Amino acid sequence: MAHLSAYKFCSVCAGNLREKNGHLACAKCPFVNYQNPRPTVSGLIMHGDKILFTRRGRDPYKGWWDFPGGFMDWGEHPEETLRREIKEETGLDIAVKRIVGIYPGYYPAKFDPVHILSIAYYAVAKTDKVVPADDAEEGRWFPLTKLPKKIAFNNHARILSDFKKVLWSAPDIA
Ligand SMILES: [Zn+2]
């Protein structure tokens, strides 16, 4: 399925962008504005029998609860992204246990909405002392039976459902 961004000019030569074969392409040079899905990493971080959510300090979904994580940087392995983002947003050191799954989602943004691909990992925090920073304004531990009501992004229900199956089927990995 094609998606055209709101961009009007070429990032290389400032020429006009025009639709060509489902993408915006520069009329003057070979640049094509491909709108490929963008991978993000989400952490299902446990400490004891509780799971960590962070409250988003920025839009989209400002004020909603979220799995901590974020967009991958160039050249990173997703597990490195997870450790880096968790450290930045919560100050926590984690041990990554296993991948839970890969989930398509939608990241709303006024000019440039993104088809994201969330790579969800199960990880365990070494302590429960959260120091929120960066995109997160608060971090809180929730019992799996009493999760926050407003959870951000349209793929969170599927992620949580699969994560609970992982915990129930292989409790020994905790
Ligand atoms: Zn160009």
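Two residues are in contact if their C-beta atoms, placed from the backbone, lie within 7 Å. By that rule, residues 24 or more positions apart account for 62% of the contacts in the protein with a separation of 6 or more. The model is predicted: local features need pLDDT of at least 70, side-chain atom pairs count only at pLDDT 80 or more, and totals for chains, interfaces and linings use all residues. Residues are numbered from 1 along each chain as its sequence is written.

**Overall layout**

- The protein has 2 helices and 10 strands. Helices (H or I, at least four residues) and strands (E, at least two) are DSSP runs, numbered from the N terminus.
- Along the sequence, the pattern reads β-β-β-β-β-β-β-α-β-β-β-α.
- The domain assignment gives domain 1 (1-35) and domain 2 (38-173). Such bounds come from an automatic or database domain assignment.
- Between the C-alpha centres of domain 1 and domain 2 there are 33 Å.
- Taken along the principal axes, the C-alpha atoms fill a box of roughly 60 × 30 × 30 Å.
- Of the 174 residues in the protein, 29% are buried. A residue is buried if 20 or more other C-beta atoms lie within 10 Å of its own, exposed if 12 or fewer, and partly exposed in between; C-beta atoms are placed from the backbone.

**The nonpolar core**

- A nonpolar core is a set of buried Ala, Val, Leu, Ile, Met, Phe, Trp, Tyr and Cys residues joined through C-beta atoms within 7 Å.
- The largest one here has 27 residues. Leu44, Ile45, Val100, Ala120, Tyr121 and Ala123 have the most contacts inside it.
- At least two residues of this core come from each of E4, E5, H1, E8, E9 and H2. E9 supplies the largest share, 6 residues.
- In soluble globular proteins, nonpolar side chains tend to be buried together.
- Alanine 120 touches several parts of the chain. Leaving aside neighbours within four places in sequence, its contacts are Ser42, Leu44, Val100, Gly101, Tyr103, Ile159 and Phe163.

**Helix H1 and the glycine after it**

- The end C-alpha atoms of H1 are 18 Å apart. This agrees with the 18 Å that its 13 residues should span at 1.5 Å a residue. The expected span is 1.5 Å times one less than the number of residues.
- Buried residues of H1 are Thr81, Leu82, Arg83, Glu85, Ile86, Glu89 and Thr90. They pack against strand E4 (38-47), E5, strand E7 (69-71), E8, strand E9 (114-125) and E10.
- Glycine 91 follows H1 and has a positive phi, near 75 degrees. Its place is the loop between helix H1 (78-90) and strand E8 (94-107).
- Glycine 91 counts as partly exposed because it has 15 C-beta neighbours inside 10 Å.
- Glycine 91 and valine 131 are 40 residues apart along the chain, yet 5.3 Å separates their C-alpha atoms. Leaving aside neighbours within four places in sequence, glycine 91 is in contact with Val130, Val131 and Ala133.

**Backbone details in two other loops**

- A cis peptide bond, with omega about 0 degrees, joins aspartate 59 and proline 60. Proline 60 sits in the loop between strand E5 (50-56) and strand E6 (65-66).
- Tyrosine 61 lies in the loop between E5 and E6. Its phi is positive, about 65 degrees, although it is not a glycine. With 16 other C-beta atoms within 10 Å, tyrosine 61 is partly exposed.
- Phenylalanine 153 is in the loop between strand E10 (136-143) and helix H2 (156-169). It is not a glycine, but its phi is positive, about 80 degrees. Phenylalanine 153 counts as buried because it has 22 C-beta neighbours inside 10 Å.
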